[in-house]
Amino acid sequence: MIRREAPILIVGGGIGGLAAALALAHEGRHVKILEQASAIEEIGAGLQLGPNALAAFDALGVGERVRSHMTYPDRLVMLDAVDGKPIADVPVGTAFRRRFGNPYALGHRADMHMALLESVQAVGRVDLVTSMRIVEVEQTTRGVTAIDADGGHHDGIALIGCDGVKSAVRQRLIGDAPRVSGDVVYRAMIEAGDFPVELQGNAPVVWAGPNCHLVHYPLRDQKQYNLVVTFHSERQEAWGVTEGSQEEILSHFVGIDRRPHQLLSLLNSGKRWATADREPLDRWSSGHVTLLGDAAHPMLQYLGQGACMTLEDAVTLGAAIRIHPDDLPQAFGLYERSRIARTARAVLSAREFGRLIHAKGMERIVRNELWKGRTPERFYDALEWLYGWRADACLAA
Ligand SMILES: Cc1cc2nc3c(=O)[nH]c(=O)nc-3n(C[C@H](O)[C@H](O)[C@H](O)COP(=O)(O)OP(=O)(O)OC[C@H]3O[C@@H](n4cnc5c(N)ncnc54)[C@H](O)[C@@H]3O)c2cc1C
């Protein structure tokens, strides 16, 4: 007989691991987070959050804490990176907030991570163990054992793999291969004083180019700007982070408008991320083990929804455990059924949106005509499936 008060193990202390811990602690569960890094912290980069993410933050009880760190744009803008002409301009002010019940928000990952961490620490019932890399997961009749890189054993009543895009738990459970996109990302966080004045403003802006694009948006009261530069590589890419160069970046942005082009020299880290997603799964739980966040449904970043979906996952997992408190495999099945189609749609839509942003030749001309004259309401209708998510309706029928 497995004791209900034994911990639920969470592998990974990123946004997903912390959000899941909070959701489970709210259900009265004892949680143990096993994180490979020496400290629970996030990289210095930004996140765009749709109204669905704020709804999830509210359901997790961290809405107010998170909101105080956010920047709220008035519109979302897409421009053609070659001729600088507008492609789309979506107001996200009062009418948008009324429609979706929450604003569109821009935040620093570290601020969101800290808000989650403080809430986890305040709620109690969650043990945080750092410098603990899990390499193996075993299920027994008594529960689940996670085995770390030094051979240590960690026993729990169940286990949730929140260990990101290269999830070791998913490797044990599914063992599927990533789908390397060939797209490479460089990113930077730039102080407002160093960011071109003509590009400053509160809107996230996408400069869509042939096989390349740039995204920038303000953070922390417009004191900083997040810059993400992406291009489709001609090399055979391997998933992961390597050293890059200015020459490589410049070679992919020949012939683009002066305004986005000037941003390329601001990329200061030199690191290049070759991105990947995975084919969506129709199952991601087995017995007392399940997956959450990027471990369950890694997606390309083009919809700005990876973290949003991760937060929705956590809320849904908590709701499923509320329905089946004494049968975690049942709860995991309900959670999974509630999430599979929605997250798969996000994975597939992100791929398609990436193709649209990188359109060239005739496809570019079609893309640039696509949204001409479209009213805000028509944009909102198209976004309803994504932004209209509600915590109180998160479980499958
Ligand atoms: C360039 C880029 C831009 C993005 N922009 C957005 C955006 O604007 N909006 C949005 O919603 N999403 C965005 N995303 C996606 C978002 O970053 C992810 O979806 C989100 O961080 C997933 O959280 P997670 O907790 O599942 O995974 P992670 O944040 O990757 O956390 C995983 C954690 O597990 C730990 N871990 C890994 N393996 C082990 C192990 N074996 N043992 C123990 N610990 C382990 C890691 O150290 C880490 O702390 C973007 C992604 C990229 C690449």
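Predicted model: local features only at pLDDT ≥ 70, side-chain atom pairs only at ≥ 80, totals over all residues.
Colleague: Let's start with H9 and H10. Why is H9 called roughly antiparallel to H10?

Modeller: Happy to walk you through it. The axes of H9 (residues 306–323) and H10 (residues 328–357) cross at roughly 150° and come within 8 Å. Angles over 145 degrees count as roughly antiparallel, so H9 is roughly antiparallel to H10. The crossing of H9 past H10 is right-handed.

Colleague: Which residues in H9 and H10 meet?

Modeller: On the H9 side they are Met309, Glu312, Asp313, Thr316, Leu317, Ala320, Ile321 and Ile323. H10 contributes Leu328, Ala331, Phe332, Leu334, Tyr335, Ser338, Arg339, Arg342, Thr343 and Ala346. Sorted by class, this contact of H9 with H10 holds eleven nonpolar, three polar and four charged residues.

Colleague: How do you know that the length of H9 agrees with its number of residues?

Modeller: The expected span is 1.5 Å times one less than the number of residues. For the 18 residues of H9 that gives 26 Å, and the end C-alpha atoms are 26 Å apart, so the two values agree.

Colleague: And what makes H9 mostly covered?

Modeller: Of the 18 residues in H9, 16 are buried.

Colleague: Glu312 is a residue of H9. Why is Glu312 called buried?

Modeller: Buried means under 20% relative accessible area. Glu312 has 0%, so Glu312 is buried.

Colleague: Which residues is Glu312 in contact with, leaving aside its neighbours within four places in sequence?

Modeller: Glu312 is in contact with Asn52, Ala56, Arg339, Arg342, Leu386 and Trp389. Trp389 is 77 residues away along the chain, while the C-alpha atoms of Glu312 and Trp389 are separated by 8.4 Å. Arg339 and Arg342 belong to the H10 side of the contact we went through above, and Asn52 and Ala56 are in H2.

Colleague: That brings in H2. How do H2 and H9 pack?

Modeller: Helix H2 (residues 51–59) and H9 pack at an angle of about 35°, and their axes are 9 Å apart. H2 passes H9 in a left-handed crossing. Asn52, Ala53, Ala56, Phe57 and Ala59 in H2 meet Cys308, Met309, Leu311, Glu312 and Val315 in H9. The contact of H2 with H9 divides into eight nonpolar residues, one polar and one charged.

Colleague: Let's move to the strands. Why is Asp127 called partly exposed?

Modeller: Asp127 sits in strand S7 (residues 126–129). Its relative accessible area is 37%, and the class runs between 20% and 50%, so Asp127 is partly exposed. Not counting residues up to four places away in sequence, Asp127 touches His30, Val31, Lys32 and Ile33. From Asp127 to His30 there are 97 residues in sequence and 8.2 Å in space, C-alpha to C-alpha.

Colleague: One last topic, backbone angles. What is the phi of Asn211?

Modeller: Asn211 has a positive phi of about 60°, although Asn211 is not a glycine. Asn211 is found in the loop between strand S13 (205–209) and strand S14 (212–219). With a relative accessible area of 29%, Asn211 is partly exposed.

Colleague: And where is Gln222 found?

Modeller: Gln222 is in the loop between S14 and strand S15 (224–232). Phi of Gln222 is near 60°, again a positive value in a residue other than glycine. Gln222 has a relative accessible area of 30%. That value falls between the cut-offs of 20% and 50%, so Gln222 is partly exposed.

Definitions and conventions:
Residues numbered from 1 in each chain as written. Heavy atoms only, no water. Axes fitted to C-alpha atoms, helices over the stretch in contact; angles between N-to-C directions. Helix = DSSP H or I, 4+ residues; strand = E, 2+ residues; numbered from the N terminus. Parallel < 35°, antiparallel > 145°, perpendicular 65-115°, else oblique. Left-handed = near helix turned anticlockwise from the far one by under 90°. Contact = heavy atoms within 4.5 Å. Nonpolar A, V, L, I, M, F, W, Y, C, P; charged D, E, K, R; others polar. Buried < 20%, exposed > 50% of the residue type's maximum accessible area, 1.4 Å probe, protein only.
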